[in-house]
Amino acid sequence: MNKVDQLIEEIAKSNATTQEELEQFRLRYIGKKSVLGELFSELKNVPNDQKKEFGQKINHVKQLAQEKFKSLIDQLSDEGNEELNQQHIDLTLPSSGGESGSAHPLNVVRMKIIEIFERLGFNVSDGPEIEDDWHNFTALNFPENHPAREMQDTFFIERNPDILLRTHTSNVQARLMKSDKPPFRSIMPGRVFRNEAISARAHCVFHQVEGLYVDENVSFADLKQTLYHFAKELFSQDTKIRFRPSYFPFTEPSAEIDISCHICKGDGCQLCKYTGWVEIAGSGMVDPNVLENCGIDSEKYTGFAFGMGIERITQLKYRVNDLRLYTENDVRFLKQFKTAH
Ligand code: PHE
């Protein structure tokens, strides 16, 4: 009984100014191995006539210990908040406002490109990223041993028959022409994949926008005018455009499209490598073989196609000089495009 009275006094006097002291209190008075626990196990040695009284007493101590423990916790957290308590917070003040998000630069540019072509009467078509050899290569007139089919460029998922990650959005061209009837006036944005080591200038995943226009009497002049209009809308009205002869298996003739450098206006700078021109797209008249492969009468219909990298356009428009920035999700980079659209 003496022990119990001593305990009551001890508990009442206890204090805890740190989490450690609080834990010590818990171990000593509350935990399984606490002094109270010991007292409970002593109960069996107490003579029968005193058992009841002793039992009640240690239950009382237990209760006291728990109440004290709670009040010590409260006291500690109040002390932690002391700094806060001293501040006068005006709860009626309007908030400073949260951070609002922003569209990813590649999305900003993709939406802008779509907007320009939609105004010219193009619609948007979509296609699969996992594709078969026919839609990605064969239909598009790639010769059997074309290097783009080789392992170093293409991610193959299965061989014979080949299933792969599309290497360009031109697969949607093939799908559209195979499943629908002309005329077609469509643009096809999407993700494409090539087996390249990731660096500032190359990535294994990037984005393209393909364009396809097939109808009767479509000519190279239509291609030129469409892309000229596009370049002026996207960059600025004083943008010039030039076509350089090139080669793609699926277009004949083919041309690479350059625009006048909008940074130096042709005087020469780092971006245009002092040439005054920067490349923005590949293009050409759809090869009659491609039309025929997709079941379209190449005597009746002609068409043009073009394809461009969205990363490339974004790089030119916003001077992003490292492709890896697009996928790193660094908010300091992303925040800069808040007002871009
Ligand atoms: N598919 C070509 C590429 O990935 C781009 C292109 C599309 C060129 C359409 C001409 C016509 O490089």
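User: Which residues in α6 meet which residues in α11?

Analyst: A word on the source comes before the case: this is a predicted model, in which local features need pLDDT of at least 70 and side-chain atom pairs count only at pLDDT 80 or more, while totals for chains, interfaces and linings use all residues. Residues are numbered from 1 along each chain as its sequence is written, and side-chain values use heavy atoms, with hydrogens and water left out. Helices are DSSP runs of H or I with at least four residues, strands are runs of E with at least two, and both are numbered from the N terminus; contact means heavy atoms within 4.5 Å. Here Pro-105, Leu-106, Val-108, Val-109 and Arg-110 in α6 meet Ile-310, Glu-311, Ile-313, Thr-314 and Tyr-318 in α11. By class, this contact of α6 with α11 has 7 nonpolar, 1 polar and 2 charged residues, where Ala, Val, Leu, Ile, Met, Phe, Trp, Tyr, Cys and Pro count as nonpolar, Asp, Glu, Lys and Arg as charged, and the others, Gly among them, as polar.

User: At what angle do α6 and α11 pack?

Analyst: Axes are lines fitted to C-alpha atoms, for helices over the stretch in contact, and angles run from 0 to 180 degrees between N-to-C directions. Angles under 35 degrees count as roughly parallel, over 145 as roughly antiparallel, 65 to 115 as roughly perpendicular and the rest as oblique. Helix α6 (residues 105-119) and helix α11 (residues 310-318) pack at about 100°, with their axes 9 Å apart, which means that α6 is roughly perpendicular to α11.

User: How does one read the packing of α6 and α9?

Analyst: For α6 and helix α9 (residues 220-234) the angle is about 135° and the axes are 10 Å apart, so these two helices are oblique to each other.

User: Which residues come nearest to the ligand?

Analyst: A residue is near a molecule if one of its heavy atoms lies within 4 Å of it. Of the 13 residues around the ligand, His-168, Ser-170, Arg-194, Gln-208 and Glu-210 come nearest. A polar side-chain atom of Ser-170 lies 3.0 Å from a nitrogen atom of the ligand, and a side-chain N or O atom of Gln-208 is 2.9 Å from a ligand oxygen atom.

User: Where is a cis peptide bond found?

Analyst: One joins Pro-182 and Pro-183, with omega about 5°, and Pro-183 is found in the loop between α8 (170-179) and β5 (184-193).

Technical notes: A polar contact is a pair of N or O atoms within 3.5 Å; within protein, one must be able to donate a hydrogen and the other to accept it, and residues adjacent in sequence count only if both atoms are side-chain atoms.
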